Amino acid sequence: MLTNPVVLSVIVLTILSLMRVHVIFALLIAACVAGLAANLSLSDTVSLFLGGMGGQSETAMSYILLGIFAAMIAYSGITTTLIDKLLAMKKTKKVVLLLLIAGLTCLSGNLIPVHIAFIPILIPPLLIFFNYLKIDRRAVACSLTFGLKMPYLLIPAGYGLIFHGIIAGEMKASGMEISMSQIPLAMAIPSIGMFVGLFIALFITYRKPRKYDDGQTKEELVEPTEATAPAGNVLGIVKQPTMNPKTLVTLLAIAVALVTQISFGSLVVGAMAGIIVMFIGRIVTLKEGEEVVQEGVKLMGAIAFIMLIASGYATILKETGAVTELVTSVGSILGDSKLLAATILLLIGLLVTMGIGTSFGTVPILAAVFVPLCLLMGFSPLATAALIGTAGALGDAGSPASDSTLGPTSGLNADGQHNHIWDTCVPTFLHYNIPLFIFGLVAAMVL
């Protein structure tokens, strides 16, 4: 089992990431290791890798468009109004602010469909405020990751509706029927683990003050201009917020994007609809559009490219049968123990998702091999759904290639004082994957 391409490549990916090798190079090297371990030549590995990059093309395109849409929202001034209100909360306790950030982040995957694109807009101007309160940014990372991850596990709306649909569809395709309405029930117990992890992070692990260097003045962060705003920060082109018809147009654009996304089941279509409304309403003129679009691409371009690379890596694992081989190799030692079977299946899910970096892309790979084993072991459809959903979610928090970690880092590292691996990936891995694993086991045994 230790020579399996999944195991070897994830170990390489983890070691390189912990050594602070950039996630793009770490993924490329891990993909090569996976291909060579599966007895492919280097040229065949590269060909398979490049051919598989298109598997996340829709996700990458949606991130680019959502970045542009988020940049336009920021340009309207609404985001600055929210920032001003947060900065006015000087007497607010740190934990209240962190819980508020977690709550606002939850909305990004359901009510306001911008997902992680809001983070590099909202968080950098708040860094000076975090420094003033001496908030440990690892706690902020945990709050953001919670908001990005928990809703799609439990809530059947927005990203959650997509995630639940994938679980139900893949289970049916593999021979086990379950209705969409049952998925939230199956994922309720694992979701409790997310709340436990957030509680531990905010109230225990990162409650002590942590000092950071203040590289900018409060005025520069609250009222940025083209001269003072950090390079690449879309806030440098933000207008001063005023309550006028443009605010209503922006709210209308957000509503149109949400309704369109739900109606067509596509983030790309939803983002495009929101962008069109912003142009028609002249929140952004055609002349201003070039600059705003460039800023939007800067916000999300790198993350979109990482998603493409992760898709190529996932293709190697899938096409070479490495995941199936891994499950088969451990299937013979399971015996009649459901607890042992659930434990091993969740560990496999952790390994696969750590490498691929996406829960949504992991579920189809896992379901095809999990469902037959769960049928053999006598797991109920609810327990099977809990195992597949939890196994897919495990590793999403903590993976160097996950949007749940890349997003928080994109905002918290605006001043260069937040490391992607040690300040985002490691804290979120420890605080969410461990309780998620435990509560996933409980769900598998009681459902």
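**Exercise 1. Cavities**

Find how many cavities of 30 Å³ or more the whole structure holds, then describe the lining of the largest cavity.

*Solution.* 

Step 1. In this predicted model, a search of the whole structure gives two cavities of 30 Å³ or more.

Step 2. About 50 Å³ is the volume of the largest cavity.

Step 3. Ten residues line the largest cavity, and those nearest its centre are G109, G147, L148, P151 and Y159.

Step 4. Two elements, α9 (137–154) and α10 (159–173), each give two or more residues to this lining. The largest share comes from α9, with four residues.

**Exercise 2. The setting of T315**

Decide whether T315 is buried or exposed, and identify the residues that it touches.

*Solution.* 

Step 1. Locate the residue: T315 belongs to helix α15, which spans residues 286–319.

Step 2. Compare its accessibility with the cut-off. The relative accessible area of T315 is 18%. Buried means under 20%, so T315 is buried.

Step 3. List the contacts, leaving out residues up to four places away in sequence: T315 touches L48, G52 and T320.

Step 4. The side chain of T315 reaches the backbone oxygen of G52 at 3.5 Å.

Notes:
Residues numbered from 1 in each chain as written. Predicted model: local features only at pLDDT ≥ 70, side-chain atom pairs only at ≥ 80, totals over all residues. Heavy atoms only, no water. Buried < 20%, exposed > 50% of the residue type's maximum accessible area, 1.4 Å probe, protein only. Polar contact = N/O pair within 3.5 Å; in protein donor to acceptor, adjacent residues only side chain to side chain. Contact = heavy atoms within 4.5 Å. 1 Å grid on protein atoms, 1.4 Å probe; cavity = no way out; pocket = protein on both sides within 12 Å on 5 of 7 lines; lining within 4 Å. Points joined across faces, edges and corners; volume = space filled by probe spheres on them.
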